[in-house]
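Subject: Structure for you to look at

Hello,

Here is the structure I said I would pass on. Please look through it first; my notes follow below.

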Amino acid sequence: MARFVADVGGTNIRLALIENGSLSHIKKYLCSNYKTINMAIEAYIAEFPDLEFTAGCLGVACPVTGDLVSMTNNHWQFSISQLKTELGLHWLGVINDFTAVAHAVTVLTNQQKEQVGQGQSVDLDNIAVFGPGTGLGVKHLTHTADGWLALDGEGGHVDFAPIDEIDIAIWQFLTDKMGHASAEEVMSGRGLVHIYQAIAKHKNLSAPLDDPADITERALDGSCALSVATLNQFCKILGSFAGNLALNLGTRGGVYIGGGIAPRFTNFIKQSDFRKRFEAKGRFRDYVAGIPTFIITEPDHGLIGAMAYLNQNCKG
């Protein structure tokens, strides 16, 4: 009786077996090579002809609100019930990819995450997870009698709340450009570019870079003062936002940063004002000071989260 998990993005689908409580045989397929998601999963299952697959869990990069799932950034559309039948499974879970990330934090080891600053986790207490990447994913987790429950929401689209003079300049830049300044427009890949351009405008500097990877690279090697200022401000904003999430649900279990951006410069974040801004909550400074913050460094956290969700919810 075999189980599998998948992390389904716009470009790739990554699949893995669950063996003895761990992931194995992780493989990646291009979504564009397969007409349907069924065909991609069947190609993976066919590599194990001696195994009978009975359960699976998919973390998908799109909303999951019913039986019909339509991928946001590729051509796949499928019925969960029909996919379960066609694959011959007894149980199939389909969850949002960031729900999978959220469930991953409940099982990560100390080697799969990096703590930033002080604080101590309280077991089974509320947890917040957010992830700057192409966009900004946000989830809260709470523990119930049935296990961990990820609370749905669109926290990445809340208003950007400026704190200092540079934040205000960024807010004004975005408001002038887009009519609204949301958290995602500063805490994402394009957000890095927005911060870079806003600081340049504020200080009357030229802004020749338009790729977040280039800005990050030049900040990390110190070759561009504007890029360094950009990444520093990005880390400050991350800290303020993380502190807000901690206050929203009293997340004494910790606040975790996932996504594809933060793990690229973990040490930079640790040396920045991230934690200072996290704790800068006025009369509630002492309250948030005891809450720990972590960066998820495990590259397979999406698959790990899908496995955690499957293990919790598939009892057969």
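**What was found**

A229 is partly exposed, with a relative accessible area of 25% (buried means under 20%, exposed over 50%, and partly exposed in between, with a 1.4 Å probe and protein chains only). The residue sits in helix α7, which covers residues 225-249. In sequence A229 and I166 are 63 residues apart, while their C-alpha atoms are 9.9 Å apart in space.

A word on the source: this is a predicted model, in which local features need pLDDT of at least 70, side-chain atom pairs count only at pLDDT 80 or more, and totals for chains, interfaces and linings use all residues. Residues are numbered from 1 along each chain as its sequence is written, and side-chain values use heavy atoms, with hydrogens and water left out.

The chain holds 11 helices and 13 strands (DSSP runs numbered from the N terminus: H or I of at least four residues for helices, E of at least two for strands). Its radius of gyration is 20 Å, close to the 20 Å that the globule rule gives for 316 residues, so the chain is as compact as a globular protein of that length. That radius is taken over C-alpha atoms, and the rule is 2.2 Å times the number of residues to the power 0.38. Along the principal axes, the C-alpha atoms fill a box of roughly 65 × 40 × 35 Å.

Of the 316 residues, 53% are buried. Among contacts with a separation of 6 or more, 67% join residues 24 or more positions apart (contact means heavy atoms within 4.5 Å).

For C224, the nearest cysteine sulfur is that of C235, 15 Å away. C224 is buried at 15% relative accessible area, and C235 is also buried, at 0%.

Two residues other than glycine have a positive phi:

- N20 has a phi near 55 degrees. It is in the loop between β2 (12-19) and β3 (22-30), and is exposed at 84% relative accessibility.
- L124 has a phi of about 65 degrees. It is in the loop between β8 (113-116) and β9 (127-132), and is exposed with a relative accessible area of 55%.

Regards

How values were computed
Disulfide = S-S within 2.5 Å.
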